[in-house]
Amino acid sequence: MSSPQRPVAPHSYGSQRPPAAVPIGPVGAIGVDEMQLTDEEVARRMSWLEITADDIANLTSIRDVARGYAAEVIEDLYRHFLAFDETRAFFRDEQTLRRVKAMQTEYFLRLTEGNYDREYVRDRLKIGAIHQRIGLDVKWYLGAYNFYLRAVGSRLMRAFQDDPERGRACYFSLKKLVFFDIGLAIEIYLTTIRRQEEAIRELSTPVLQLRAGLLILPIIGVIDPTRARQLTEQLLRSIRANRAKVVVMDITGVPSVDSRVANHLVQTVEAARLMGATVIITGLSAEVAQALVLVGIDLNRIRTVGDLQGGIEEAERSLGYRVSRVEA
Amino acid sequence: MSEISTEPLVMPIANEADIVAARQRGRTMAIELGFAGCDGTLIATAISEVARNILLYAQRGEIILCCVELGGRRGLSIEARDSGPGIPDLRKALTDGYSTSRGLGLGLPGSRRLMDEFAIESEVGRGTNVTMTKWVR
């Protein structure tokens, strides 16, 4: 019986990173709550792994056996962790080691306690998120699971020496649950990576105001449909916020311009025009220009100027600015 | 020219990143083969056009890059293969501005202009196979 507010141990791995220093926000961290799965989703995953009521009965039946060898398994596991530089780095001192062992024990015992519900999922996601946050690569994480299964498997077989059939059944049930956990952990790793990519994308298209009415949009990197959409949205928002009349869009840093990308650019330019702003595109290399002409892109509606400096000069001219050197 | 691999390189296409990878790989191979930089860009553009079509119409497929040699001339051959819905009317598909996906309709005719040789086979319900080659000038 798990109450909805089942307290979760304050997970903070490694003394080098106290809980207060854990980054909060869209970059790096992912709220476990936003990944919370619905009951149906949990059930669906369980049925994919063929976790049945029998499995749950198997798991809870070995609770006491598991308690018996928990300490040994954890010791084995940490001996393994400490034997590799990459994993040892996470345990700086005795105190940290003691704390994570206690948490590991808690994780381990939870496997045979039944109630594999949303709260269980939440707990597992949280553990995955912590490992992702401290920077433990997936390969070490998965390797540890393999070690886990092996360490538990041999002990389980020994405990069921007189009934190997039963021992095997329990082991398979445990394996299913462990794979359920692994799935959740990998998912949170991937979700975090996706989130970071989105954040980087957003950061990579700054719209800068150079003068009143004049915006600069330097684009660096690949333009895919998602980024093109973000770019257009951001530009249109900035045009409105800054009451911009002219935008210089520099694509020197875009490595691949094909008909699709050119189409995105044309559409962005058109949308900006409807908002009352003229777009000047700069940085179209001679090679890309040649390729676009061969492909058959109609760039007539787009104003292009060779380089960024030329683009800014033209923009200033059309806004009525005259830049002159102050004579000494 | 023993350092140039003639082993075909198969690159799966299933998402945006795969297109970028295929196009970058194609450009590198082209430069290694002795293509001028601007031809490298033309080849890379053609690769992304056909790879884009795979993603757009068949969701997945592959791009096969291969260095070829004929009569002392060296070239880069690109094959785009998918088991997608196929193209019912090839003549239309090769016409500028014809598109069934609200695109510019320049992918196939554009690729044809970018390369020296271009061939397409397609069967409705079976898939599409585009083969194109560009020769080092």
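Here is a friendly conversation about how some descriptions of this predicted model are reached.

Mentor: In this predicted model, local features need pLDDT of at least 70 and side-chain atom pairs count only at pLDDT 80 or more, while totals for chains, interfaces and linings use all residues. Residues are numbered from 1 along each chain as its sequence is written, chains are lettered from A and ligands numbered from 1 in the order in which they are written, and side-chain values use heavy atoms, leaving out hydrogens and water.

Trainee: How do you know how many helices and strands chain A has?

Mentor: DSSP runs are numbered from the N terminus, with helices being H or I of at least four residues and strands E of at least two. Chain A has 12 helices and 5 strands.

Trainee: What makes A:Asn115 partly exposed, rather than buried or exposed?

Mentor: Buried means under 20% relative accessible area and exposed over 50%, with partly exposed in between (1.4 Å probe, protein chains only). A:Asn115 has 37% relative accessibility, so it counts as partly exposed. This residue lies in the loop between H5 and helix H6 (118-133) of chain A. Most residues other than glycine have a negative phi.

Trainee: Which residue of chain B has a positive phi without being glycine?

Mentor: B:Gln59 does, with phi near 70 degrees. You will find B:Gln59 in the loop between helix H2 (37-58) and strand S2 (61-70) of chain B.

Trainee: Why are H3(A) and H5(A) called oblique to each other?

Mentor: Helix H3 (residues 63-82) and helix H5 (residues 94-110) of chain A pack at about 135 degrees, with axes 10 Å apart. Angles under 35 degrees count as roughly parallel, over 145 as roughly antiparallel, 65 to 115 as roughly perpendicular and the rest as oblique. H3(A) and H5(A) are therefore oblique.

Trainee: Which residues meet there?

Mentor: Contact means heavy atoms within 4.5 Å. Among the residues of H3(A) that meet H5(A) are A:Tyr69, A:Val73 and A:Phe81, and the H5(A) side includes A:Leu97, A:Gln104 and A:Phe108.

Trainee: How do you know whether the span of H12(A) is close to the expected one?

Mentor: The expected span is 1.5 Å times one less than the number of residues. Helix H12 (residues 308-319) of chain A has 12 residues and reaches 16 Å from its first C-alpha to its last, close to the 16 Å expected. Its buried residues include A:Ile312 and A:Ala315. After H12(A) comes A:Gly320, with a positive phi near 90 degrees.

Notes:
Axes are lines fitted to C-alpha atoms, for helices over the stretch in contact, and angles run from 0 to 180 degrees between N-to-C directions.
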